[in-house]
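Here is a short briefing on one protein chain. Please look over the sequence and the model before reading on.

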Amino acid sequence: MAVSVLRTVKRRQLADAAALLVAAGLVEDQDDALVELTAYHAADPRMIVVVEENGSVIGVGVGSFDGYRGMLRRVAVTERWRSLGLGS
């Protein structure tokens with residue numbers, strides 16, 4: 001099982017990342033999550049990172065930077081991969 005750790009999300013992966021945020025209970029509506037991620041991606045694509053396993057998104061991290069401080073806004077990992085250190 002090859003895992004690619006923390007690389008910048010590709011635009012085509014935003015829907016998968018949104019679905020993961022919903023599955024993790026961090027966002028209620030997948031459409032809202034996709035709108036939020038699309039806005040973050042448009043502002044600075046480096047603020048969304050993913051962990052992949054065989055091309056599937058198994059983890060997502062969303063951050064922001066206001067010019068002075070950085071914030072980690074959301075971290076989600078698929079249930080199968082939790083407690084393995086991917087989100088830490």
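What does the accessible surface of the chain come to, and how much of it belongs to carbon and sulfur atoms? The surface comes to about 5,500 Å², and 52% of it belongs to carbon and sulfur atoms. Accessible areas come from the Shrake-Rupley method with a 1.4 Å probe, and for residues only the protein chains shown count as cover.

This is a predicted model: local features need pLDDT of at least 70, side-chain atom pairs count only at pLDDT 80 or more, and totals for chains, interfaces and linings use all residues. Residues are numbered from 1 along each chain as its sequence is written, and side-chain values use heavy atoms, with hydrogens and water left out.

**Confidence**
- The mean pLDDT (the predictor's confidence in each residue, from 0 to 100) of the chain is 88.
- A value of 70 or more is reached by 93% of the residues.
- Confidence is lowest in strand β1 (residues 3-8), at a mean of 74, and highest in helix α1 (residues 14-23), at 95.
- Where pLDDT is low, the predicted coordinates should not be read in detail.

**Overall fold**
- The chain has two helices and four strands; these are DSSP runs numbered from the N terminus (helices H or I, at least four residues; strands E, at least two).
- Along the sequence the pattern is β-α-α-β-β-β.
- The radius of gyration, taken over C-alpha atoms, is 12 Å, close to the 12 Å that the globule rule (2.2 Å times the number of residues to the power 0.38) gives for 88 residues, so the chain is as compact as a globular protein of that length.
- Of the 88 residues, 32% count as buried; buried means under 20% relative accessible area, exposed over 50%, partly exposed in between (1.4 Å probe, protein chains only).

- G63 stands opposite L72 in β4.
- Four residues lie between the two strands, and G67 in the turn has a positive phi of about 100°.

**Residues to look at**
- A15 is in helix α1 and is partly exposed, at 35% relative accessibility.
- Not counting residues up to four places away in sequence, A15 touches Q30 and L34; contact means heavy atoms within 4.5 Å.
- D44 lies in the loop between α2 (30-43) and β2 (48-53) and is buried, at 17%.
- N54 sits in the loop between β2 and β3, is exposed at 62%, and has a positive phi of about 50° although it is not a glycine.

Methods:
Pairing = 2+ DSSP bridges.
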